[in-house]
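Please keep the sequence and the model in view while reading.

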Amino acid sequence: MTLKPRLESFELKVLRSLNIRMNLKINEQSNYMYLKKGYDGERLFDKWLETLTNAHLILNDLLLEYNGTVFQIDTLLFYSDKIYHFEVKNYEGDFYIEADRWYALTGKEIKNPLLQLKRTESLLRQLLVKKRFNHTIESYLIFVNPKFHLYQAPLNLPIVFPTQLTRFMEKLKNKHSKLKDSHKKLAKELLSIHKDETPYNRLPEYQYDELEKGLICPLCHSMYTTFKPILVCNSCGEKERYPTAVLRAIEELQTLFPDKKITTSLIYDWCKIIKSKSTIRKTLKKKFKLVGYSKASYFVNHE
Ligand SMILES: [Zn+2]
């Protein structure tokens, strides 16, 4: 059972939206690609874990703190005998290890992900001891991308390579597990001390006026060019009914500008291709509650 599902981070949501609606600088764009790739890799691994049917608990994306150090955990999988801690990597291409250092095949050194794994495990263990839980933790680096290869990897590393994932999952599936109250208690405890936002983010500055307006295809992220009750994407052929696209656009607007009041005029401007304000108003009325009167009225989420 997944107690804490994985959601896109605020930073990833905003960067995706800005990448479509304005020109990002090269470093902002590569930060977006980096976050997106990481998230896609984690989702891929989630899909593997969703096939588990024995008694387990899953907590995704935890941001915890021990002694002033904030650390992030991709996945914790609770079984009765131990807790698995997974750090998921979506690396692509050829890499090699030499004297405990990791390099891309070009010779460029990269951060040793095993050090990060050990550091996180150590912080997690200390945190559990402090909370008086003494469960065994077993940590693994999970490489999910089939286009990844690591040369000269010693045999005893806590790594699961893409070609080993099927067998690793078989091992997990065959476990006899009966969760105890202490596991549920620990999972709840970790959820209660989970911190919501990363203490830093590297978002670019943006203003409403400089963003391109319009409705976005959910599959390929192109803008829809013409309005019809059933919108059709010119790039990928995706079709959807317009209210779905409008509501998604509103959600995006609320993420980008949480302080803006949702009015018919604002959404009319934001969606751009819908030329009728009454169509916008009708869609808004179905989903939101109207407050205030005439020109000063705006829409709020239902409680
Ligand atoms: Zn499309």
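## Domains, metal site and sheet

Between domain 1 and domain 2 an area of about 760 Å² is buried, 65% of it given by carbon and sulfur atoms; buried area here is the accessible area, taken with a 1.4 Å probe, that two parts lose on being put together, summed over both. On the domain 1 side, S17, I20 and R21 lose the most area to domain 2, and together they account for 67% of what that side buries. The model is a predicted one, in which local features need pLDDT of at least 70 and side-chain atom pairs count only at pLDDT 80 or more, whereas totals for chains, interfaces and linings use all residues. Residues are numbered from 1 along each chain as its sequence is written, and side-chain values use heavy atoms, with hydrogens and water left out.

The domain bounds, which come from an automatic or database domain assignment, are 2–193 for domain 1 and 213–301 for domain 2. Eight residues from domain 1 and nine residues from domain 2 take part in the contact, where contact means heavy atoms within 4.5 Å. The C-alpha centres of the two domains are 36 Å apart.

The zinc ion is coordinated at 2.3 Å by the SG atoms of C217, C220, C233 and C236; donors are N, O and S atoms within 2.8 Å of the metal (3.2 Å for Na, K and Ca), and water is not among the atoms, so sites may look incomplete. The spacing of these donor residues in sequence is C-x2-C-x12-C-x2-C. The arrangement is tetrahedral because the four donor atoms subtend angles of 102 to 114 degrees around the zinc ion, the requirement for four donors being that all angles lie between 85 and 135 degrees.

| Residue | Relative accessible area | Class |
|---|---|---|
| C217 | 0% | buried |
| C220 | 30% | partly exposed |
| T283 | 7% | buried |

T283 is placed in helix α8 (residues 277–287), and, apart from neighbours within four places in sequence, T283 is in contact with Y242, P243, V246 and L247. Helices (H or I, at least four residues) and strands (E, at least two) are DSSP runs, numbered from the N terminus.

An open sheet with mixed pairing is formed by four strands in the order β7-β6-β5-β9, where two strands pair if DSSP finds at least two bridges between them. Its edge strands, each pairing on one side only, are β7 (109–110) and β9 (148–151). Strand β6 (residues 101–104) pairs with β7 in the antiparallel sense over two bridges, and W102 stands opposite I110 in β7.

Terms used: Four donors count as tetrahedral if all angles lie between 85 and 135 degrees; four count as square planar and six as octahedral if opposite donors are over 155 degrees apart and all others between 65 and 115; anything else is irregular. Buried means under 20% relative accessible area, exposed over 50%, partly exposed in between (1.4 Å probe, protein chains only).
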